[in-house]
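Here's a quick briefing for anyone opening this structure for the first time. Keep the viewer handy and follow along topic by topic.

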Amino acid sequence: MKSTVTDFLPAERARGITIQSAAISFAWPPTGTSQPLPGSHHTTPHNLNLIDTPGHADFTFEVLRSLRVLDGAVCILDGVAGVEAQTEKVWAQASAYRIPRIVFVNKLDRDGAAFGKTVKEVGLRLRAWPAVCNLPWWNADGKLIGVGDVVGLQGMRYVEGGDGKQIDLVSLQELESQDAALAAELRKARTSLIELLSEHDDEMVEKYLEADEDYLAISAADITASFRRCTLQHPQMVVPVFAGASFRNVGVQPLLDSVIDLLPSPTERPDPEVSLGSSGTKGGLSAFLSGKLTAAAAPERSKTSSKAVSKDKATLALQNLEACALAFKVVADARRGVLVYVRVYSGAITRNAPLWNTILQSTERAQRLLKMYANDAVDIESIPAGQIGVIPGLKFARTGDTLVSYTGAHPKNGPPAPINTLQLRPIAVPPPVFFVSVEPNSLAEEKPIKEALALLLREDPSLHVSVDEESGQTHLAGMGELHLEIARDRLITDLKAKARIGSIEIGYRETLTTPSPTPQTSLFDREIGGKSSKAACTASVSPLSASHEGEADALQPKDLHTHIFPLPDNNRLIITTPTLHPDGSPLDPDHPSLPDHLPLPTLLHAFQTGVLAAFARGPAFGYPVHSVEVRLHFLPDQHLYPTSSPAAFSSAARQAVQAAMREAVGSAGDGAVMMEPLMLVTIAVDEESLGAVVHDLSSARGGAVVALGSSSSTSPDQEASCSGDASADLEEDGGHQHIPSVDLARIYAPPDPFAGGGHEIASSGTSTGVGEDDAGTKQILARVPLKEMVGYLKHLRSLTAGRGTFTMVVDRFERMSGQRQRGVLGEMRGEYF
């Protein structure tokens, strides 16, 4: 792992995993090649931009933002583990972006590798027809010595102990004498390959008939052309599958050839989706550049000449558009500063060109342009369309921003409309599910930590930072425990932030179970700001039941002397002023009126402020108050004094409400109960794990299952509870319904002579078929206490063999049972762990 090019971060090499996606550029075949290299048939170098993405579920966003800018993808599978949980998720995400894919089964030189089993799993788990292009070539001792080329009908034997560059090519006739079993399997694989391509490509049927129905007589060029047509179809039903062991470079040359032969160039990809400003007009970038896509029309003018002028101006504006690019990644590099990775979709970005950010509406200059080779960089003069490059030194550009280069653009106002609001399809940020607290070591470190967190968020938008208004604590939210662990290391080690990272405390609430027996009158008589202030009011409190939540009629005053205000946390304030008109004047001229410095709106606002202050800390447990109704009674002849002020009335209201709540709670404290946040959790699991997950939710975690079903049958209301990546996945899973089922009995997969009985898994799935498992993924919608969701991802993965994922949002606060409340309080006191 220490010699890998793309895993260059210390944390990546220490853990042996990919954490950040890394971009490298290289030519295949290498520049200066005059004749085909062993194992390859190309001589003209092709420029390839390779982005290595993480495989861990916690770093889903790294994959998402890379998929957004790809033209094609190589899905690398572990020949021992087969199709893993995260592979299925990334495969679905790639389908959503319509990215053509090929599969490379890696690590076939390890004990227990099962190529045939993995091929079957591609059909079962990924819902695609695997087309075997290479066969692993094992000797009698089970050692991988090369691959069999199904398309070229030859064996490729790699020199033992070499670096994978020395290959002996063995024809089919020679192979029959060296390894008759492999030769026979190559013939069988070629037959199955032609049959599969004929089902999805009519031109292959013609080639088959032209070859007098001889599967072996069809040329490799014709097969490659058919493969390319099938790979570029959407939805992609045929997936080329290659075999090898990358650590020894076995099978790498045919794989790189297939990238050139089968995957599309930038000009062959679908037109990038764009939107125009506030009008929301959507379409293709090419349609916009050709003038066919325009923003929503403004009101028509009376003179036709002005329309013609506007059209000419728009055409001229498009001619001055030099480049359009998407910023898909931001990295804070220790040596080079902030690096912004961009994919150019039209034109070319040149050095020193001003770039208009259409989202932030600001201009920055690209003073340098770089081409990255993992952690190394080379200065370049321009980044042409279809290429990926890096712009260092941009101060404001973020992930997902659209950057345009326009001739003669005003530095402040940018290019003319609608170019100044042109936006490429943004990158969806998945919602975070785990939280930790971040506290500075001292007050002096507060500002540097805020700056470090801002840089961390600009670098990784899947992190979220929020400040708890109750405690003032800063919360850092991410996709999982490992994600937050890496963010913590990055914050402290790389960005040198002097902070303590702790675990978040769940924000409980408390509410009343009984009303206050009698109204409580409070008199405030103190100095405020050196001036004597005196005021009073009367308050009573009562619990607000869940049945009253959100009732519209409850917020309508019953008479002109009643003022009703909804407060946060489902609280309600009712102020009665029986002796005052709605404008604050007295009903009876003999009654005192409000002074000029205390108009009725000011008085009502002061009462609200005081009640909110009283609700900030409950009388029983010290948590904010939830679902309580306060009635304030104000009589000017009893509560108003010559020295009364808004601050005095605010303090009087706070004291009166606190006294009323204390009386409602009682000396025994049995008039209050704690409330805990209830999360609406959407869990995606495979059908085999459904029962175990539902049982765990309802029994061990005190949750209530709201709905069960396949991901495609999720209701709109349930979809609304998921956002970002989760919604995209639901849409993608639903799209699988339109893909014909893959019959595992018809999938060709070679035998696994050294894998034990593991390949029998494939045959067990033949009876059901992928099309019969009702979209494969099942959705569980449940309400679960937040406390039970801490650390749940790891537990869910253990229940589902790593295949389960979930998202959650706060649904509501719910009263806790006496037993659960005692347990939570005991745990806080450290009575048990």
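Strand S20 has cover on both faces: Ile388, Val390 and Pro392 are buried on one side, and Gly389 and Ile391 are buried on the other. Keep in mind that this is a predicted model.

**Strand S20 and its partner**

- Strand S20 runs over residues 388-392, and five of its five residues are buried, so the strand is largely enclosed by the rest of the structure.
- Its pairing with strand S14 (residues 337-350) is antiparallel and runs over five bridges.
- Look for arginine 343 if you want a landmark here, as it stands opposite isoleucine 388 of S20.

**The cavity**

- Rolling a probe the size of a water molecule over the atoms shows where empty space is left.
- How many cavities of 30 Å³ or more are there? The count comes to one.
- The largest cavity has a volume of about 50 Å³.
- Its lining is made up of Ala23, Ile24, Ser25, Asn49, Tyr341, Met372, Ile388, Gly389 and Val390.
- Strand S1 (22-28) and S20 are the elements that give two or more residues to that lining.

**The overall picture**

- The protein has 833 residues, and 50% of them count as buried.
- Its fold includes 23 helices and 36 strands.
- Take the contacts with a separation of 6 or more: 71% of them are between residues 24 or more positions apart.

**Helix H9**

- Is helix H9 (residues 252-262) buried or exposed? Buried: 11 of its 11 residues fall in that class, so the helix is largely enclosed by the rest of the structure.

**The annotated binding site**

- An unreviewed UniProt entry lists Asp52, Thr53, Pro54, Gly55, His56, Asn106, Lys107, Leu108 and Asp109 under "binding site".
- With a relative accessibility of 31%, aspartate 109 counts as partly exposed.
- Which residues does aspartate 109 contact, leaving aside its neighbours within four places in sequence? They are Leu144, Ala245 and Arg248.
- The phi of lysine 107 is near 60 degrees, which is a positive value in a residue other than glycine.
- Lysine 107 counts as partly exposed, at 27% relative accessibility.

**Backbone spots to check**

- Leucine 153 has a positive phi too, of about 50 degrees, although it is not a glycine.
- You'll find leucine 153 in the loop between strand S7 (144-149) and strand S8 (154-158).
- With a relative accessible area of 13%, leucine 153 is buried, because the cut-off for that class is under 20%.
- The peptide bond from histidine 234 to proline 235 is cis, with omega near 0 degrees.
- Proline 235 sits in the loop between helix H8 (220-231) and strand S10 (238-243).
- A cis peptide bond also joins alanine 417 to proline 418, with omega near 0 degrees.
- As for proline 418, its place is the loop between strand S21 (402-406) and strand S22 (422-424).

**Two buried helix residues**

- Alanine 452 lies in helix H12 (residues 446-459) and counts as buried at 8% relative accessibility.
- Not counting residues up to four places away in sequence, alanine 452 touches Leu491, Leu495 and Ala497.
- From C-alpha to C-alpha, alanine 452 and lysine 496 are 8.3 Å apart in space, while in sequence they are 44 residues apart.
- Histidine 639 belongs to helix H15 (residues 636-639) and is buried, with a relative accessible area of 3%.
- Beyond residues up to four places away in sequence, histidine 639 touches several others, including Thr521, Cys537, Phe634 and Phe649.

**Cysteines**

- How many disulfides does the structure hold? It holds zero.
- Cysteine 75 is buried, at a relative accessible area of 14%.
- Cysteine 133 is buried as well, with a relative accessible area of 1%.

Technical notes:
Residues are numbered from 1 along each chain as its sequence is written. This is a predicted model: local features need pLDDT of at least 70, side-chain atom pairs count only at pLDDT 80 or more; totals for chains, interfaces and linings use all residues. Side-chain values use heavy atoms; hydrogens and water are left out. A disulfide is a pair of cysteine sulfur atoms within 2.5 Å. Buried means under 20% relative accessible area, exposed over 50%, partly exposed in between (1.4 Å probe, protein chains only). UniProt positions are given in the numbering used here, feature names are shortened, and annotations may be inferred rather than shown by experiment. Contact means heavy atoms within 4.5 Å. Helices (H or I, at least four residues) and strands (E, at least two) are DSSP runs, numbered from the N terminus. Two strands pair if DSSP finds at least two bridges between them. On a 1 Å grid over the protein atoms alone, a cavity is a set of points where a 1.4 Å probe fits but cannot get out, and a pocket is an open set with protein on both sides within 12 Å along at least five of seven lines; lining residues have an atom within 4 Å of a point. Grid points are joined across faces, edges and corners, and a volume is the space filled by probe spheres set on the points.
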